[in-house]
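Have the model open beside you as you read.

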Amino acid sequence: MPARLMLTIETPAGPRTASLTYERRGAGEPLLLLHGIGHHWQAWEPVLDILAAERDVIAVDLPGFGSSDALPDGCPYDLPGVVRVLDAFCAALGAEQPHVAGNSLGGLLALELGRAERVRSVTALSPAGFWSEGERRYAFVTLRAMRGAARSMPVPLIERLSRTAAGRTALASSIYARPGRRSPEAVYAETLALRGAAGFRQTLEAGGSVRFRDDVPGVPVTVAWGSRDRLLLPRQGVRAKQTLPGARLVRLPGCGHVPMSDDPALVARVILDGSR
């Protein structure tokens with residue numbers, strides 16, 4: 001069952017309280033899982049039990065997403081602000097210096113945690129921040145369109161669409177190569193999560209100027225990219241390798257932007273290999 005944690009965050013405006021929801025399973029070295037913009041911790045459900053066989057897995061709803069509260073006034077949604085929250089979150093759970101795996105926005109945050117030397121290893125699945133300006137604009141337009149569609153559709157229509165393979169394709173094909181593999185319940189829940197994401201606008205605005213240009217020395221880094229990623233195109237993985245010359249670059253054949261349900265066994269193996 002998901003749990004909820006209240007945190008006190010030190011910010012430039014003084015101490016603030018934040019509340020995060022998370023799922024924790026397994027035993028072993030801690031592994032923090034970070035989802036993408038508009039998603040929730042359940043994006044990791046297809047690989048959670050595989051990972052939990054070897055790791056103490058903590059999948060968290062990022063601030064302003066899923067069941068986690070929006071950040072309070074004085075807490076920005078930029079990289080340093082969210083990293084501070086995640087650092088405090090791990091400390092409160094007794095999981096300092098975890099391994100971390102992230103997808104999209106979560107991949108960018110994972111790399112930032114690695115750059116700040118707050119983690120043991122980083123696995124970034126289609127991480128944001130390695131785009132050209134044209135690629136960034138395309139991704140942001142697509143994300144805003146997905147958000148607009150989720151907010152404009154009546155909830156009963158979302159539920160009806162999620163029941164059919166064609167409907168799930170309409171709702172989720174931008175991020176999955178095989179949306180039909182997602183269960184009706186999962187697609188329904190994640191569409192509602194996108195619809196209700198309180199931190200969506202602020203996170204997207206904070207990401208407008210983001211380019212990840214620094215290496216992450218001293219921390220093992222794996223960057224993995226789905227061959228059928230339609231949101232952040234696979235050529236960005238080559239750019240990531242140029243920025244992170246010591247990183248292991250892995251191709252995920254047949255996977256889309258959110259690869260965990262497209263090929264759970266492959267994604268879990270990449271994460272576990274990256275955290276050994």
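## Pockets, a cavity and a helix pair

Helix 8 supplies four residues to the lining of the second largest pocket, the most of any element. This is a predicted model, in which local features need pLDDT of at least 70 and side-chain atom pairs count only at pLDDT 80 or more, while totals for chains, interfaces and linings use all residues. Residues are numbered from 1 along each chain as its sequence is written, and side-chain values use heavy atoms, leaving out hydrogens and water.

First, the chain as a whole. It has ten helices and eight strands; helices (H or I, at least four residues) and strands (E, at least two) are DSSP runs numbered from the N terminus. The C-alpha trace spans about 45 × 40 × 40 Å along its principal axes. For 276 residues, a compact globule would have a radius of gyration near 19 Å, and the 17 Å of this chain agrees with that. The radius is taken over C-alpha atoms, and the globule rule is 2.2 Å times the number of residues to the power 0.38.

Now to the spaces. On a 1 Å grid over the protein atoms alone, a cavity is a set of points where a 1.4 Å probe fits but cannot get out, whereas a pocket is an open set with protein on both sides within 12 Å along at least five of seven lines; lining residues have an atom within 4 Å of a point. Points are joined across faces, edges and corners, and a volume is the space filled by probe spheres set on them.

| Space | Volume | Lining by class |
|---|---|---|
| Largest pocket | about 330 Å³ | 14 nonpolar, nine polar, one charged |
| Second largest pocket | about 280 Å³ | 20 nonpolar, three polar, one charged |
| Largest cavity | about 60 Å³ | six nonpolar, one polar, three charged |

In these classes, Ala, Val, Leu, Ile, Met, Phe, Trp, Tyr, Cys and Pro are nonpolar, Asp, Glu, Lys and Arg are charged, and the others, Gly among them, are polar.

Of the 24 residues lining the largest pocket, Met146, Leu171, Ala172, Ile175 and Leu194 lie nearest its centre. Helix 4, helix 6 (165-172) and helix 7 (184-196) each give two or more residues to that lining.

The second largest pocket is also lined by 24 residues, and Ile37, Leu105, Leu108, Thr203 and Gly207 are the closest to its centre.

The structure holds one cavity of 30 Å³ or more. Among its lining residues are Leu32, Cys90, Glu96 and Arg118, and helix 2 (residues 79-92) gives the most, with three residues.

How do helix 4 and helix 8 pack, and at what angle? Helix 4 (residues 133-152) and helix 8 (residues 200-207) pack at about 175 degrees, with axes 12 Å apart. They are therefore roughly antiparallel, a word used for angles over 145 degrees. Axes are lines fitted to C-alpha atoms, for helices over the stretch in contact, and angles run from 0 to 180 degrees between N-to-C directions. Arg136, Phe140, Leu143, Arg144 and Arg147 in helix 4 meet Phe200, Leu204 and Gly207 in helix 8, where contact means heavy atoms within 4.5 Å.

Methods
Parallel < 35°, antiparallel > 145°, perpendicular 65-115°, else oblique.
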